[in-house]
Amino acid sequence: MLHQHIDEQIAQKEAWALRRQLGIPNNKRLWVLACMDERLPVEKALGIGEGDAHIFRNAGGLVTDDAIRSAMLTTQFFNTKEIIVINHTECGMMSASGDFLSEVLRSRGIEVDEVAVDPALPELKLPKGVFSKWIKTFTDVDEICKQQVELLRQSPLIPDDVVIHGYIWEVETMSLRRPYQRLSEKVNTAEAMQTKKTKSP
């Protein structure tokens, strides 16, 4: 009957709005760590929709203190059971070193050894000379992806039963792949095709 359909829609809207109060996890019990780059469409890349995941984005898709904070909350208190890390090719975090970026900031009058990295916690300061490392630039997107997965797996703040995997989004092909598994290196070569040759007489 119609009233049943209406009541079901109302109940679904209430559950959506009150899911934190009701202890309802995101649809796929999934937390995603991804780069903030606009060329990385997280939902499209993973084939997920609205409400399916908690999505955390930062420069590089890297495990930072705030990423760990969010991962801890979603896995320990919101019943998330899976984490996926997405890094991507042509990432801006590979375009300059931390030392170079620190020098640019100094040239603009910013004393990087004195700045508060968290304005809400001014007592939280980096040791002198650590700012360049705190920026977290890198040179190899495949290696950094593997490192982020291991950092999350080793964190005591994330339960051991949480499943954690990492992938690379290729901006040039608009598709995901596993780290170090470039399909382009396996196609259209005689070696990969194991070309058969005629025997010499």
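**Salt bridges and overall form of the predicted model**

Arginine 106 pairs with aspartate 113 in a salt bridge, with 3.9 Å between the closest N and O atoms. The model is predicted. Arginine 106 counts as partly exposed, because its relative accessibility is 33%. Aspartate 113 has 18% and counts as buried, since the limit for buried is under 20%.

By the rule applied, the salt bridges number nine. Another joins the side chains of arginine 39 and aspartate 37, at 2.8 Å from N to O. Arginine 39 is partly exposed at 33% relative accessibility. Aspartate 37 is buried at 10%.

A further salt bridge connects arginine 182 with aspartate 142, at 2.6 Å from N to O. This pair links distant parts of the chain, 40 residues apart. Arginine 182 lies in the loop between strand 5 (175-177) and helix 8 (190-193), whereas aspartate 142 belongs to helix 7 (residues 141-154). Arginine 182 is partly exposed, with 26% relative accessibility. Aspartate 142 is buried, at 1% relative accessible area. Shared partners join Asp142, Glu170, Arg177 and Arg182 into one network of salt bridges.

The protein contains eight helices and five strands. Their order along the sequence is α-α-β-α-β-α-β-α-α-α-β-β-α. The radius of gyration is 22 Å, well over the 17 Å that the globule rule gives for 201 residues, so the protein is more spread out than a compact globule. The C-alpha trace spans about 85 × 60 × 30 Å along its principal axes. Of the 201 residues, 34% count as buried.

Charged side chains comprise 25 positive and 29 negative ones. The centres of the two sets lie 6 Å apart.

Key: Residues are numbered from 1 along each chain as its sequence is written. This is a predicted model: local features need pLDDT of at least 70, side-chain atom pairs count only at pLDDT 80 or more; totals for chains, interfaces and linings use all residues. Side-chain values use heavy atoms; hydrogens and water are left out. Helices (H or I, at least four residues) and strands (E, at least two) are DSSP runs, numbered from the N terminus. The radius of gyration is taken over C-alpha atoms; the globule rule is 2.2 Å times the number of residues to the power 0.38. Buried means under 20% relative accessible area, exposed over 50%, partly exposed in between (1.4 Å probe, protein chains only). Lys and Arg count as positive and Asp and Glu as negative; His and the chain ends are not counted. The place of a charge is taken as NZ of Lys, CZ of Arg, CG of Asp or CD of Glu. A salt bridge is a side-chain nitrogen of Lys or Arg within 4 Å of a carboxyl oxygen of Asp or Glu.
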